[in-house]
Amino acid sequence: MSEPTNTADVVDLRSLVPAKRHAKIFELVNALEPGTSFVLVNDHDPKPLYYQLEAEYPGQFSWTYVEQGPQVWRVEIGKHAKAV
């Protein structure tokens, strides 16, 4: 697994109630500049979010697992440099 980039912000969602997590993630994703990323920290595999992002923004984002449980998941989500 790859390490997060040095410039990636770490966003720990474990303190948010589950109902607010997706809204927070989409807020962060919408704020990403091309070529930047953040590391999402969660208490479960956020794979359904990957499918939701891909449906909303096809081919615009990278999704790299940095840690895969069993208690903590870390995923680096980045916006491709060519994304609009």
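## Chain layout

From the N terminus on, the elements of this predicted model run β-α-β-α-β-β. The chain has two helices and four strands. Helices (H or I, at least four residues) and strands (E, at least two) are DSSP runs, numbered from the N terminus. Of the chain's 84 residues, 37% count as buried. Buried means under 20% relative accessible area, exposed over 50%, and partly exposed in between (1.4 Å probe, protein chains only).

The model is predicted, and local features need pLDDT of at least 70, side-chain atom pairs count only at pLDDT 80 or more, and totals for chains, interfaces and linings use all residues. Residues are numbered from 1 along each chain as its sequence is written, and side-chain values use heavy atoms, with hydrogens and water left out.

## The sheet

Four strands form an open sheet in the order E1-E2-E4-E3. The pairing is mixed. Strand E1 (9-12) and E3 are the edge strands, each pairing on one side only. Two strands pair if DSSP finds at least two bridges between them. Neighbouring strands of the sheet are turned by 20° against each other on average, direction ignored. For that angle, axes are lines fitted to C-alpha atoms, for helices over the stretch in contact, and angles run from 0 to 180 degrees between N-to-C directions.

E1 pairs with strand E2 (residues 37-42) in the parallel sense, over four bridges. Aspartate 9 stands opposite phenylalanine 38 in E2.

## A cis proline

Most residues other than glycine have a negative phi, and most peptide bonds are trans. The bond joining glycine 69 and proline 70 is cis, with omega about 15°. Proline 70 sits in the loop between E3 and strand E4 (73-79).

## Salt bridges

The structure holds four salt bridges. The criterion is a side-chain nitrogen of Lys or Arg within 4 Å of a carboxyl oxygen of Asp or Glu. One of them joins arginine 14 and aspartate 12, with the closest N and O atoms 2.6 Å apart. Arginine 14 is partly exposed at 36% relative accessibility. Aspartate 12 is partly exposed too, at 35%.

Another links arginine 74 to glutamate 67, with 2.8 Å between the closest N and O atoms. Here arginine 74 is partly exposed at 28%, and glutamate 67 is partly exposed at 29%. Glutamate 27 and lysine 24 also form a salt bridge, their closest N and O atoms being 3.5 Å apart. These two residues lie three apart in helix H1 (residues 18-31), so about one helical turn separates them. Glutamate 27 is partly exposed at 48%, and lysine 24 is partly exposed at 29%.

## The cavity

Rolling a probe the size of a water molecule over the atoms shows where empty space is left. The structure holds one cavity of 30 Å³ or more. On a 1 Å grid over the protein atoms alone, a cavity is a set of points where a 1.4 Å probe fits but cannot get out; lining residues have an atom within 4 Å of a point. The largest cavity contains about 40 Å³ of space. Grid points are joined across faces, edges and corners, and a volume is the space filled by probe spheres set on the points.

Its lining consists of Tyr50, Leu53, Glu54, Tyr57, Phe61, Ser62 and Trp63. Helix H2 (47-56) and strand E3 (61-68) are the elements that give two or more residues to this lining. By class, the lining residues are five nonpolar, one polar and one charged. Ala, Val, Leu, Ile, Met, Phe, Trp, Tyr, Cys and Pro count as nonpolar; Asp, Glu, Lys and Arg count as charged; the others, Gly among them, count as polar.

Terms used
1 Å grid on protein atoms, 1.4 Å probe; cavity = no way out; pocket = protein on both sides within 12 Å on 5 of 7 lines; lining within 4 Å.
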